[in-house]
Amino acid sequence: MDAVKECLRNFPKEARELYLNDTVPYLDGPLSPLQFYRDWIGPNKPCIIHNAFSDWPALSKWNPTYLREKVGSKVISVAVTPNGYADAVNGDRFVMPEERQTTFSSLLDIIEGKVKCSGVFYVQKQCSNLTEELPELTGDVQTHIPWMSEALVHKDHYENLYCVISGQKEFILLPPTDRPFIPYELYQPATYRQKEDGNFEIVDEEDSTKVPWIPLDPLNPDYDRYPSYRLAKPLLCTVKAGEMLYLPSLWFHHVRQSHGCIAVNFWYDMEYDIKYNYFQLVESLTNAVGSL
């Protein structure tokens, strides 16, 4: 067992020496589909791409005035939490946001401070709330990224292109090879619910199985409780308006954003190839040996 632990400790180090970057590189613009696949998707490495969507009207149009005129009356799904942490650990619970239906103008009133309201409001969905709830805005962006679509033809977890329209996003990224240093625990699923007095309560999801989730806060890691995390080598990067982050499949990530930030994500199915097999092997061995 000690030999397996030593192998798991050395595995991420070898990956960093062989191919991983110390920082997230910048590209001046999009590459050809084949070159992007060879240089970034195949090696499973992140990068930030300039000038990848500079022709989108959204970059100049998407401000509160335009959005009120275009979609102000539309009813949308909004995630609400007491602290801005959605889908996160709180004590011994994995807590999801309260979902509400509200008009886009009402959301803008809260974001702009015209209406005082407790809680943090956030429009978030992985199942395309832009095309489903706000189709009036799709003409201001591309419906897909052509060179990425071509690079990932016939691909069966997700490759992610993260396009920041306004504001900025701050990412903490960890490669899948750092999995031996990243702790997991099981949590009871629950949901935030705001009470009449404005405070939030946590309501357990009935008849639900426990959820495996990372208990560690990457902004303030508890090294006494999770000493192996000292061996992890997170990458920090900031994606600003007009920039695109390629976030490879299987990478661990933590995200913060500026107030009122707007971004559009494009999700592509990953290829379940030998990389996925290797990751599953590392995960199984990590779970078997426990703390390193």
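1. A residue is called buried when its relative accessible area is under 20%, exposed when over 50%, and partly exposed in between (1.4 Å probe, protein chains only). By this rule Ser249, with a relative accessible area of 3%, is buried. Ser249 lies in the loop between strand 14 (244–247) and strand 15; helices (H or I, at least four residues) and strands (E, at least two) are DSSP runs, numbered from the N terminus. Leaving aside residues up to four places away in sequence, Ser249 touches Asn44, Tyr158, Glu159 and Met270, where contact means heavy atoms within 4.5 Å.

2. The model is predicted: local features need pLDDT of at least 70, side-chain atom pairs count only at pLDDT 80 or more, and totals for chains, interfaces and linings use all residues. Residues are numbered from 1 along each chain as its sequence is written, and side-chain values use heavy atoms, with hydrogens and water left out.

3. Strand 15 (residues 252–257) contains His254. With a relative accessible area of 17%, His254 is also classed as buried. Its contacts, not counting residues up to four places away in sequence, are Tyr85, Glu170, Phe171, Ile172, Pro218 and Leu219.

4. The largest nonpolar core comprises 41 residues, and Phe36, Trp62, Ile145, Met148, Leu161 and Met244 have the most contacts inside it. Such a core is a set of buried Ala, Val, Leu, Ile, Met, Phe, Trp, Tyr and Cys residues joined through side-chain atoms within 4.5 Å. The core lies between domain 1 (1–56 + 142–183 + 226–291) and domain 2 (63–141 + 184–215), because both give residues to it. The domain bounds come from an automatic or database domain assignment. Trp62 touches Leu67, Leu130, Leu137, Asp140, Val141, Ile165, Ile262 and Val264, again not counting residues up to four places away in sequence.

5. An open sheet is formed by three strands in the order 6-3-7, with antiparallel pairing; two strands pair if DSSP finds at least two bridges between them. Strand 6 (98–103) and strand 7 (120–122) are the edge strands, each pairing on one side only. From one strand to the next the twist averages 40 degrees. Axes are lines fitted to C-alpha atoms, for helices over the stretch in contact, and angles run from 0 to 180 degrees between N-to-C directions.

6. Strand 3 (residues 75–81) pairs with strand 7 over three bridges, and Ala79 has Tyr122 in strand 7 as its bridge partner. Helix 5 (residues 104–111) packs on the sheet and touches strand 3, strand 6 and strand 7; its direction makes about 110 degrees with that of strand 6.

7. Cys7 is found in helix 1 (residues 2–18) and, at 54% relative accessibility, is exposed.
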